[in-house]
Amino acid sequence: MGYFIDTARAMIVTMRNVFRRPTTVQYPTEDRVRPERYRTSFALVHDEEGDEACIACLACERICPSRIITVKPAGKRESPVTGKKRNYLEDLTLDMNACIFCELCVQVCPTDALIMLRELSKPTLSREGLFLSMERLYANEALAHSWGTGTRLMEMQDPKRGLPAPEPNQEVTPPGVDPIAEGAS
Amino acid sequence: MTPMIHGLVWGLIIGTVLVTVAALSIWFERKFAARIQSRYGPTLVGPAGILQIVADALKMMQKEDIIPEKADPILFRLAPPCTVIFTLTTAAVIPFDENVLAADLDIGVLFLLAVGGLVVFPVWIAGWASNNKYALLGAMRAVAQGIAYEIPLVLSAMVPVVLAQSMRLSDIVSVQAQTHWFAFWPLGPGLIAFAIFFICSLAEANRIPFDIPEAESELVAGVTTEYAGMRFGLLQMAEYLHTLIASAVAAAIFFGGWDGPFAPGLHWMVLKTLVLFFMIFWIRWSLVRFRSDQLMALCWKYLLPLSLLLVMASALFVHYRAMET
Amino acid sequence: MTGDEAQQRFVALLHERFGIHEIPADNYPLVDVKHHFELARVLKEELGYRIYSFVVASHYPATVDAKNENAEIDAEHYEVATGIRCVGAPAHLASWRVRAELDQAVPTLFPLFAGADWQEREQYDLVGVRFDGHPDLRRLMMPEDWEGHPLRKDYAIATACSPWR
Amino acid sequence: MQSSAAGVDPHLDIDTYDPGADLMVLNLGPQHPSTHGVFRVKLYLDGEIIVKAVPYAGYLHRGVEKLCEELTFVQIIPVVDKNDYVSPMMNEQAIAMACEAMLGIEVPRRALYLRTLFAELQRLASHLLWLGTFGMDLGGALGGGASLFMYCFRERETILSLFEEVTGARFHYNTHTVGGNRHDITPKFSHDTKATIRVIEERIGEYVQIFSSNRIYRDRTQGVGVLDGDLAISLGITGPLARASGVDHDLRRDAPYHIYGELDVNVFTESAGDCFARTLVRLNEMRESIRIVREIIDSVPEGPILGIKPGKSPGHIKIDASQRYSCIESPRGELGTYVIGGGSNRGASAYRLKIRSPSLHAASCIPYVFPGHTVSDAIAILGTLDPIMGEVDR
C-alpha cells in the first residue's frame, strides 16, 4: 500500500512541475542574458586616442598556462595618432583550441589591450576556425566586451582596496626578480 | 458480411489506427516528459514538433543495418518483427465499440493473454541472438519477469471473466454496460484486480518502474543493446503498442469499454484507453525502477496470492448473487 | 585536545621512541626507513590515527657539485611522505618523510591501512618507488605496458608539436 | 544478498572463487552509462551476483601533477580547476591554501568569507549534481530518475549563474589565487543568492518526496553497499561517505580553515553505512550548506580581497624547498594538496605537487563493497560513492 501512496506523491510532484515554466533557453533563436563579467572569446582593442593599445610587452604570452598566445613585437615606431615613439605589435595569435578561459592574460595586460568578449563566439566547423589571428582579434573589438580589463581586475584585487588607511604589513609580498623574464627556467 | 471479411477489414483499420496512435504517443510522451522536466521537448519539426516521429522514423530507416559479426543472423533478424506481430495480434479481440472489433472470439480473454504471453519469446530470442552479455542479462531478466507477471495478470483478468461469466470480451463489456463497471462493482475486489492487472501490464510491457530488462543505467540498453536502425525502432514500437493495447484491454474489462453517457461508445472507449495510457506515461516519468529480485518478491509474495484471493472472492460474489435472485 | 597538543605529542613520540631530535620548521620530520612501519603502527594502534590520508613519493636525481662534476653531493633517491590523521577534533595530521635510495624499497603500510593499496600503487606507477610487501604492486594510472615513471625528474616529456593541433 | 564489506580480500586470485572458470566476466565500462566518466570495473558474475570486482582507473589520466611541476603557482590554479570538475573552486582553494600556508600570507577577511561562501555554494551544487545523476542511475535515463536529474540540474544552473555573475565563468572559474580571491562579489550577489537558496531549500523537499522518501527508492538503497566505518577510514575515505558509516569527522569542524572556526558547523552522521544513509547525509549537508550561506551572506566584511600585491608575471609567487600538506573538506571529503616547493623557475613552480583526491580513495572501496550484490546494486553503490573521474585519475 505504501508503494501506491509514494507513487501518488511522486506523481503529484511531477505534475506540479508540468505547470512550471520551462527553463530551457532555445539557444540559436534566443540568447541567454549574460552577466557583465561573462567571458568567452578574445579581442584586441584600440585605446581612447584610436591607436592600437597593445605594446607587445609579452606579459600575456608568458602567463598563459596553455601557452597559446604568440606575440611578435614590431619594435618601436612613431605613433600615427600621438606622434610619440612606442612599441607596436607585429602579430599576435591566439589559439582557442586549447584556451582554458582563465582570464590571466587579460589581468596582466598593462594597457588593457587584450580583453575578453561577452558575446558568444560562433561555433566553427574546423579547428582552424578557432585560431584567432590578429585581424580577427581586432575585428572582434566591435562585439560586446566583458567587464574585465587589466586595470579593472588589478584594481579589484588591490590589497589596499576598501581599507581606511594603508597598512604596512606588506612584507610578505615577494616582488623579486621575474625569473622567466630573465630567461631562466 | 462474412466474419472473415469483417475481421480483415476491421483488423486492418484497428491495426493501422493503433500503430499511428502508438507513433503519436511517442511524440506526446516526449512533450509530456519534457514539460515534467522543465523542458520544451521537440519543437522544430512541424507545429509543436508533431512531425518529430516522422523524422525519427526516417532517421531510423536511413541508419546502417548493423548485425554484429558474432550474432546469430537469422534469429537476430527474426526477433524485432515478431515482437510487433505478437503484440498487434492481441488487438484483434479488443472491442472498441459494439461492432468495431476484428474478431469477437468466444475465448477472447484467453486468446489475448496467450498471444500476449508469446512476446517473451522474441525478447529472449533478441537477447540470445545478439551475443552480447548485456543483452543476455537483459533477456534473462525479461523472461523471468515476463513469466512471473503472466500469472497474476491472468488471474486478475479472471475476475471480470468470472463476474461476467463469459470469456468473450464483448460480453464482458455489455454486462458492465447493463450493470456496473467491474472496477467499482463489487467495490473492493474489482479495483484491486484492476490495480494488479495494471501493474502486471506495466511489467509485461517493461515500463518503469519495471523496465528492468532495459535498465539503461545498468545494462546499457538491455536486449536492444546491439540493435540499430529500424530493428531497434520495431522493438520500441512493440513496447508502445504493448502499453497501448494493455490500456485498451484494461479499459474494456474493468472500465466498461464503450459504456458511457451522451457520446457514442467508440469515443468513450478511446477516452478511457488514452487516460490509462497517459497514467502509464505519468508513472514512468515519476518513479525509479525496482531491482529484479524485489520485482520477483513483489510478484510472488504479494500479487500472486492477492489475485488468487480475488478470483475466489469474485466467484463467491457471483455464487451468492445467483442464490439471491 | 587542541591541535598544538597533538603536535607536541607527536613530536614527543618521535623523540622518545624513534630518536628524532630535530624537526625542521618548514618541513615534516625525516624518519629512518626501518622505522616507517613501526611509526605508523604506533600512531594507529596507540594514538588512534586511523584515517589514512596520503602518501607522496618524490624523486630526487643525483646532485653534483657545480664546480666538479664528479663530486656527488647527494645520490639519486626517493623521498616518501606519509600522512595519517586522527578521527574527529582536532583532526591532527601526523606526517613524516622517509628517504629511500634508488634500489631500496619502502615497507608498505597496507597491513595497517587498506587505502595504502591504491595510493602506493599510484606512487609506484608515477614515481617508481617500490613498496616492500605490497600485495599487488601494479600500475594504477598508466597503461600496464607503459615504460618509465612519468613523475621522475629524468622522465623526458616529448612535446615536439603542440598536442592540441 | 547483503554482505558486509568486512572479510572480503580483494587480492585473492579469482581462481580461488572460481576454480572451474564458470563465472561470467562483465566489463562495466570504460564506457558505460553509469560510470560517471571513464572507469572500468571488471565484474565476475555468478548469475547476476557479483563474486569479485576489479576496478581499473586511469582512463582519464591527464598528468595534472606533472603539469603542475612545469607551470608556475600562478598558472596551475586554472589548470587544477579541471580535476574535480563538479566543484572546481575546491581545487583552487586547496592549492591556494597550501601556498598561502607556506608563504605565511595572511588572507583578508573578506576573501575568507567569500571563500567560505563559494565553498558552501559549490558543495550545494555538487550534491545537487550527485542527487540528479544518482537518480539517473536508479531510474534510468528514460524515467523518473531523469526527471529528478533535470530538476537538480535546473537548480544547479541557478547556482552556476550566481558564480557566473561574480567570476564571469560558469564552470572553470579561476577565481581564487594565492593570497585571496581574484573577483569581488557584485552588489546584487547577496540578494540573488538569498533568492536562489530559498528556492533550492523549497525544492529539496520535492526531491525528498519524489525520491528519497519513496518506498521504491528505499528498497533500492537500504542495506545496499554497506561500508564499514573502520574500513572506510582505513581506506582514507572521508566526507559524506565516511559520515554515512558513522565516522564523526568533518574538517570544517575539526580542523577549521577559512572562517569555519567562527561558525557552528553541524556534522551529520548516519550509522547504517548503506546507500540510503549516504543519501540522507548528503541531503542534510545540502540543508546545512544553505544554512551556512544564509548565516554569513549578510556579514561579509568590507575590505580587500587579496592579501598580497597582485603580480603581473607568472613567477611572482615563489616557494622555497619546504613541504606542506594542506587540505579542505570538499563535497567528497578531504581534498588536499601536498606541495614541495623549490622547483623549476627558481621556485616559482612546485618541485612535486600531489593532489590528494577523495574520489580516488572512494573508488578504492569498490573491491570491498561490490561482492555479494547484483549488477543493479553495483550501479547504485557506484552512484553513491560519487567518484568524479577527473579527480580519480587526475
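How many residues does the contact take from chain A and from chain D? The contact takes 45 residues from chain A and 46 from chain D, and the legends below look at it along with other parts of the structure. This is a predicted model, in which local features need pLDDT of at least 70, side-chain atom pairs count only at pLDDT 80 or more, and totals for chains, interfaces and linings use all residues. Residues are numbered from 1 along each chain as its sequence is written, while chains are lettered from A and ligands numbered from 1 in the order in which they are written.

**View 1. Where chains A and D touch.** Two residues count as in contact if their C-beta atoms, placed from the backbone, lie within 7 Å. Chain A gives 45 residues to this contact and chain D gives 46. On the chain A side, helix 1, helix 2 (59–63), helix 3 (104–108) and helix 5 (150–156) each supply at least two residues. The largest share, 7 residues, comes from helix 1 of chain A. Sorted by class, this side of chain A has 24 nonpolar, 11 polar and 10 charged residues. Here Ala, Val, Leu, Ile, Met, Phe, Trp, Tyr, Cys and Pro count as nonpolar, Asp, Glu, Lys and Arg as charged, and the others, Gly among them, as polar.

**View 2. Chain pairs.** Among the 5 pairs of chains that touch, chains A and D have the most contacts. Chains B and C, in contrast, do not touch, and their nearest C-alpha atoms are 25 Å apart.

**View 3. Chain A.** You can find 5 helices and 5 strands in chain A; helices (H or I, at least four residues) and strands (E, at least two) are DSSP runs, numbered from the N terminus. Starting at the N terminus, the order is α-β-α-β-β-α-β-β-α-α. Of the 185 residues in chain A, 30% are buried. A residue is buried if 20 or more other C-beta atoms lie within 10 Å of its own, exposed if 12 or fewer, and partly exposed in between, with C-beta atoms placed from the backbone.

**View 4. Helix 7 of chain D.** Buried residues of this helix (residues 189–212) include D:Thr193, D:Ile197 and D:Phe211. Its buried residues pack against helix 1 (2–18) of chain A, together with helices 5, 6, 8 and 12 of chain D.

View 5. Strand 6 (residues 323–330) has 8 of its 8 residues buried, so it is largely enclosed by the rest of the structure. D:Gln323, D:Tyr325, D:Cys327 and D:Glu329 point one way from strand 6, and D:Arg324, D:Ser326, D:Ile328 and D:Ser330 point the other way. Strand 6 pairs with strand 7 (residues 333–340) of chain D in the antiparallel sense over 8 bridges; strands pair if DSSP finds at least two bridges between them. The two strands form a hairpin with 2 residues between them.
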